[in-house]
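Here's a quick briefing to read alongside the structure. We'll start with the chain contact and then move on to the cores.

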Amino acid sequence: MSRKLTESIFLPALKNPALDALHDGAILSLPPGRVAFTTDSYVIDPIFFPGGDIGSLAVHGTVNDLAMCGARPLHLSAGFIIEEGLPLADLRRIVASMAQAAAVAGVTVVTGDTKVVDRGKGDQIFINTAGIGVVPEGIEISPTRARPGDVVLVSGEIAVHGIAILSVRQGLQFETELRSDSASLHDLVGAALDVAGTHLHVLRDPTRGGVASALNEIAASANVSIELEERSIPVNEAVQGACELLGFDPLYVANEGKCLAIVAPSHAKAVLEAWRRHPLGRDAAIIGQVREEPRGRLVLHTRIGARRVVDMLSGEQLPRIC
Amino acid sequence: MRFVDEYRDGEAVRRAAAAIASIQTRPWTLMEICGGQTHSILKFGLDQLLPEALTLVHGPGCPVCVTPLELIDQAVEIAARREVIFTSFGDMLRVPGSRKSLLQVKSEGGDVRVVYSPLDAVRLAEENPMRQVVFFAVGFETTAPANAMAVWRAHELGLPNFTILCSHVLVPPAIDAILGAPDSRIQGFLAAGHVCTVEGTGDYEPLARKYHVPIVVTGFEPVDLMAGILICVQALEKGEANVENAYRRSAHTAGNPAARALVRRMFRTCDRAWRGIGVIPGSGLALREEFGAFDAAHRFESAHIRTEEPKECIAGEILLGHKRPSQCGAFGGRCTPEHPLGAPMVSAEGACAAYYAYRRTA
C-alpha cells in the first residue's frame, strides 16, 4: 500500500533527483555557511481550510522555522501518517499543494516516509516535515539579542490564520471571507536581512499562541521588557469583528504568514520600508519597543492611555458565554 | 472598526475621568455586577484613570464562576457516558470539578464539543439520532432566551435525544443578597447592560428604593463604563437613588418582550445555589414541569451528585465584593489559571483571572 502510494502519488508530484533515487536517505551537497535544521508535525483539523490545507501548511511552517533562524531554506523531508479511509483524491490534493508550496519556496522534498494506520488510530492525515537550510556568514539571529531600545515590527495584519481556521471548525462555523495567511516567509526575511544585516536581532513567526506568546518568550529569553502600542497593531476588521463576538484577544490568535522582527533603532525604518514594498509585508508596522523594565514581561500601552501586562496564554482561547 | 472604536476612544474616556474627578467630593464604593465589565476595566486599565477615592468592587456576574461545583461534577459524569455528546460554551470546559474538568473528560475520550449557540446543539441532536445530545445551559438572563429557544425548538421537532443541564441564575436577587448582607459596603451599582437589554430595568426600581442606592444600567466598552460611573457618582453626590440608563443604545425599560415571554414560557424561577455564596432564594431558572423531558439532570439521574466546595477558595468573598483577588492567600501561588482552586481563576470573566492576567507586576 505504502509503496503504491509512493509511486503513484508522492514521486510524480514531488519529483527531484534526490527523491527519485528512492535511496534510504538523501545525499546532499550544501552551500557554505552554518546549517540550520528543524522539524515540526502537523495534526490540524480541518485538514482543508480557506487559504490552504495541511500540505501547504506543512511546507510553510517548516520553511518559516528555518527562515526565523536567518537561514535560506533548502531541503525538506516529509513523513505521512495516513488513516485508512482517507480519500485518495484528498491525498492527491494535499500532496499537490505541498509540491506547489515547495516550488514557490524554492525547496525540494528530498526524502520521505509513508505509513498507513488502521481507521481510528489517526485523524485522516498527520504530516511531519523536517528542513535544513544554510545561514550565511554575518547573520546572527537569536531571541537573546533583543536589547533595550530595539524596535519591534510585525509584517502585517495579525490573527488571520487562527480566525480563518476557526470559521470552518465544526460547531463554530461562521461566514467570513477571511482566508488563512499561510505563506513561506523566507523571502520577506531576506528583504529585512538585505537592509539590516546584523542589526536585525530577532525573528519569530507568531504561530500558535500568537504575537503575545512569541513576544513573551523573547522577553523572557533576553531578560528584557517589551512594550507594545495597542493602536499600532494592525488588525483586520473582519478578524476584529470575529474576535469581539467570540471573546478572543487577537494578540493570542495564531498566524502562519506573519513575521515579528526586533531591529536596532537605526535600521527599523529601513526594514519597515523594505517590508512594505514586499507583497507579503504591505501592512507591516512598527508596534513597539524593547525596554529594560519590567524584565521578562510584555506590557501593552492601551488605546485609552493605561498600561497593562500581556501574559502568556494558559491553554487555548475558548469562546466565552456572553 | 465602526461601533467599536468610538466606544474605546481615549479622548472620550479621559474627558469622563476628568468629569468624575471634578464632581467627586468624598470616597465612594461602586460595584460593577458583570464579569465582562470587570474584565474591560482591567483590560483597558480604566481603574488607573479614576480618582483614588473611587473604589470599584467586582460583582458576581460571571456565569462560569457562580456555577456550583456539584453541577460541574454532574456535567463531568454525564459527559463521560458513551451515548452522550456533551455540548457547552467554550469557557465552561476548563472549570475544574472536584475530580476533573470537561476538558479532561474530552482528553479521556468523552465526546465533549464547544458550540457557539445552543441551537447548534439542537442541530447536532437532529443529525445524531442514536446519540444523546446534552447542552450545558448556564448563564444569566442574557443567555436564557437562546437556551429557552433551543428547548422550544427541540420540543417542536419532537427530539427525544436533546436535553439541557440547566443552571441559570438571575441578577436582581443577587443584588438583593449583596445589599442585604449586614456588612455590605456597596454604595452604588453598575447593572449589567446585556441583562437589562433582555429583561428591562423594572426589577431594579424596588431594589434602588429598598436600599437607597443608585443603580446605573451600564455597557461594557470603556466609554460606556466611564459614562455609567459618572452618572452613578453624580447621583451619589446629590444623594439620589434611582435607576438610570447609561446604555440606551441597547437597553430599554421594557427589555425585549419576545425574549422575556419565551423565557417565562419555558422556565420558572427557583432557589439556586451560587458557587461560594450559597443558596439565594428565587435566584435561578429551572425548566417548567411540562418541559421536564428536556432536563438532563432528570434523564441521567445526576441530581444526587453533591459536592462540598474546597475550603481554601474564597470565591464567595470575592464574588460578594468583600475581598479583592490579590487579598487571597492562595492567589498567584497555589491558585493560578493552570491550577485553579476555584472558578473565578478559570473564566475569562472571573475577577481572579483578570487580576492574574493584567495586574501581577505592571
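This is a predicted model: local features need pLDDT of at least 70, side-chain atom pairs count only at pLDDT 80 or more; totals for chains, interfaces and linings use all residues.

**Who sits at the interface**
- The contact draws 43 residues from chain B and 29 residues from chain A.

**Area and salt bridge**
- Together, chain B and chain A bury about 3100 Å², with 55% of that on carbon and sulfur atoms.
- Met1(B), Arg94(B) and Tyr116(B) account for 20% of the area chain B buries against chain A, more than any other three residues.
- The tally of salt bridges between chain B and chain A is one.
- A salt bridge joins the side chains of Arg8(B) and Glu244(A), at 2.8 Å from N to O.

- As background, nonpolar side chains in soluble globular proteins tend to be buried together.
- The largest nonpolar core here has 60 residues, and those with the most contacts inside it include Phe86(B), Leu102(B), Phe189(B) and Ile215(B).
- Helix α4 (residues 69-79) of chain B is the top contributor to this core, giving six residues.
- There's also a second, separate core of 38 residues, with Ala164(A), Ala214(A), Ile218(A) and Ile287(A) among them.

**Zooming in on Ile215(B)**
- Leaving out residues up to four places away in sequence, Ile215(B) touches Phe189(B), Tyr204(B), Leu207(B) and Asn242(B), among others.

Notes
Residues are numbered from 1 along each chain as its sequence is written. Chains are lettered from A and ligands numbered from 1 in the order in which they are written. Side-chain values use heavy atoms; hydrogens and water are left out. A nonpolar core is a set of buried Ala, Val, Leu, Ile, Met, Phe, Trp, Tyr and Cys residues joined through side-chain atoms within 4.5 Å. Buried means under 20% relative accessible area, exposed over 50%, partly exposed in between (1.4 Å probe, protein chains only). Helices (H or I, at least four residues) and strands (E, at least two) are DSSP runs, numbered from the N terminus. Contact means heavy atoms within 4.5 Å. Buried area is the accessible area (1.4 Å probe) that two parts lose on being put together, summed over both. A salt bridge is a side-chain nitrogen of Lys or Arg within 4 Å of a carboxyl oxygen of Asp or Glu.
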